[in-house]
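Please read it alongside the sequence and the coordinates.

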Amino acid sequence: MPEFSKGLEGVVAAETEMSFIDGQHGVLEYVGIAIGDLARSSTFEETVYLLWNKKLPTQAELDAFTKGLRDNYDPPAGVLELVKNMPKDAQPMHVLRTLVSSLALFDPNPNANDVPAAREKALKILAATPAIVAAFDRHRRGEKFVPADKSLGFSENFMYMLNGEKPTAAMARAFDICMITHADHGLNNSTFTARVVISTLSDLYSAMTAAIGSLRGPLHGGANEGVMVMLNELESVDEAEAYVTNKLKNKDKIMGFGHRVYKSKDPRASELQTLARQLAEDTGNMDLYEKSHAIEEVMEREVASKGIYPNVDFYSATTYHCIGLKLDLFTPMFALSRLAGWSGHVIEQLEDNRLYRPTTNYVGPHKVAYTPIEKR
Ligand SMILES: CC(C)(COP(=O)(O)OP(=O)(O)OC[C@H]1O[C@@H](n2cnc3c(N)ncnc32)[C@H](O)[C@@H]1OP(=O)(O)O)[C@@H](O)C(=O)NCCC(=O)NCCS
């Protein structure tokens, strides 16, 4: 009987050339390049190209790839009609899951699974999804949709469609850094979900939809919203000490800390911490940064010895808030970026597919007599 690993901890379930994680030493690389170097020097478009092609693009390749994305910024009109029919009080992650699924209804050949078709669909889904999130947010505010501006980069265009005005260069860059740092991360739960779904030779839309469902959980991508709720619960930085120690005493989890793979500080948390601090200063939100930092200090003293450190969600909460995102758009924002990783993994899976089908250890009884219903 193979050994049972609860939560599949330590189980190698796929090979990838996209991201490498050394959880002991806090290393994350995309195709061999340190995440910090990408965050400081790359763009989201270039990072997606890197993940999908396993090499940095030449200028001509990047231009062609960027044009491909921009040409697909507008979702099918039928999808925007569906946005108008969404209940205004719906949660954006539920809307996102529903409408990414609906993209398949407007694709004349939704099931095509050969690698070139999958790459084309991945590009179209990635390009069109920001408009879905932006349109729903405008719909619930009773405002008209803002059509995409194809002269703008991916992040800048999303902020433009959301707010109806172009962001400052600094805000667009901050958003882009968030997109870069969230794009891929090994076989995390939602990526595994996407690979499991496509391994049945289902379709890309089903894989992305299932992955969105996985991401929204509070133990995964939903943690960034949990961090913000926690920061709002603290009236001042002085409450951090008692707040954290009480939670730990009650065996409650502190959102934005701990990771299945990292047993040191998540390198994305370090990048986002620098960004959060700068944005907090620029936007008059230093109280949020200071509360976060105070929580980190208490956690360091109390649980760092157990390998519990800040993860990507901890400082992304302050970052997103300073960028001006509403709380319930934090996780959709994560999804917009992670679509790149999910689809890259789906393509890798299709290139060398084998159906995922693990086994269970049956721990129930055997040879039980069937009791007729009237005798139970
Ligand atoms: C990410 C996470 C789900 C990883 O879970 P896991 O690998 O299954 O680890 P466990 O939940 O079994 O935790 C192992 C131990 O560390 C503790 N721990 C883990 N994360 C913790 C946190 N955020 N706060 C306090 N204690 C934590 C657990 O209580 C457990 O302690 P115990 O051994 O005394 O029972 C977990 O750390 C967590 O729930 N974090 C908060 C949610 C979050 O930020 N998620 C985003 C991940 S990127």
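Ala223 belongs to helix H11 (residues 223-233), where helices are DSSP runs of H or I with at least four residues, strands are DSSP runs of E with at least two, and both are numbered from the N terminus. This is a predicted model, in which local features need pLDDT of at least 70 and side-chain atom pairs count only at pLDDT 80 or more, while totals for chains, interfaces and linings use all residues. Residues are numbered from 1 along each chain as its sequence is written.

Ala223 is buried because it has 26 C-beta neighbours inside 10 Å; a residue counts as buried if 20 or more other C-beta atoms, placed from the backbone, lie within 10 Å of its own, as exposed if 12 or fewer do, and as partly exposed in between. Leaving out residues up to four places away in sequence, Ala223 touches Pro218, Met255, Gly256 and Asp313, a contact being a pair of residues whose C-beta atoms, placed from the backbone, lie within 7 Å. Asp313 is 90 residues from Ala223 in sequence, yet the C-alpha atoms of Ala223 and Asp313 are 6.2 Å apart.

Ala223 is also among the residues that come nearest to the ligand, together with Lys253, Phe257, Gly258 and Arg260, out of 18 residues around it; a residue is near a molecule if its C-beta atom, placed from the backbone, lies within 6 Å of it. The shell around the ligand consists of 8 nonpolar, 6 polar and 4 charged residues, with Ala, Val, Leu, Ile, Met, Phe, Trp, Tyr, Cys and Pro counted as nonpolar, Asp, Glu, Lys and Arg as charged, and the others, Gly among them, as polar.

The protein chain is divided into domain 1 (19-219 + 327-351) and domain 2 (223-323), with bounds that come from an automatic or database domain assignment. The C-alpha centres of domain 1 and domain 2 are 25 Å apart, and 26 residues of domain 1 are in contact with 23 residues of domain 2.

On the side of domain 1 that touches domain 2, the elements giving two or more residues are strand S2 (27-30), helix H1 (35-41), helix H8 (169-181) and helix H16 (330-351). H8 gives the most to this side, with 6 residues, and the residues of this side of domain 1 divide into 16 nonpolar, 9 polar and 1 charged.

## The largest nonpolar core

A nonpolar core is a set of buried Ala, Val, Leu, Ile, Met, Phe, Trp, Tyr and Cys residues joined through C-beta atoms within 7 Å. The largest such core has 107 residues, of which Leu96, Ile125, Ile132, Ala194, Ala207, Met208 and Val346 touch the most other members. Helix H6 gives this core its largest share, 12 residues, and the core draws at least three residues from each of domain 1 and domain 2.

Once its neighbours within four places in sequence are set aside, Leu96 is in contact with Ile132, Val133, Ile212, Pro332 and Ala335.

Helix H10 (residues 204-215) has 12 residues and reaches 16 Å from its first C-alpha to its last, close to the 16 Å expected at 1.5 Å a residue, the expected span being 1.5 Å times one less than the number of residues. Of its 12 residues, 10 are buried, including Ala207, Met208 and Ile212, and the buried residues of H10 pack against helix H5 (92-102), helix H6 (115-140), helix H9 (189-198) and H16.

Helix H7 (residues 154-163) is largely enclosed by the rest of the structure, because 9 of its 10 residues are buried. Among the buried residues of H7 are Glu156 and Asn157, and its covering includes helix H2 (44-53), helix H3 (59-70), H6 and H8. H7 is followed by Gly164, whose phi is positive, near 80 degrees.

## Segments outside the helices and strands

Leu8 lies in the segment before strand S1 (19-22) and has a phi near 55 degrees, a positive value in a residue other than glycine. Leu8 is partly exposed, because 14 other C-beta atoms lie within 10 Å.

Lys367, in the segment after H16, likewise has a positive phi, near 50 degrees, and counts as exposed because it has 4 C-beta neighbours inside 10 Å. Gly364 lies in the segment after H16 and is exposed, with 5 other C-beta atoms within 10 Å.

Note on methods
Two residues are in contact if their C-beta atoms, placed from the backbone, lie within 7 Å.
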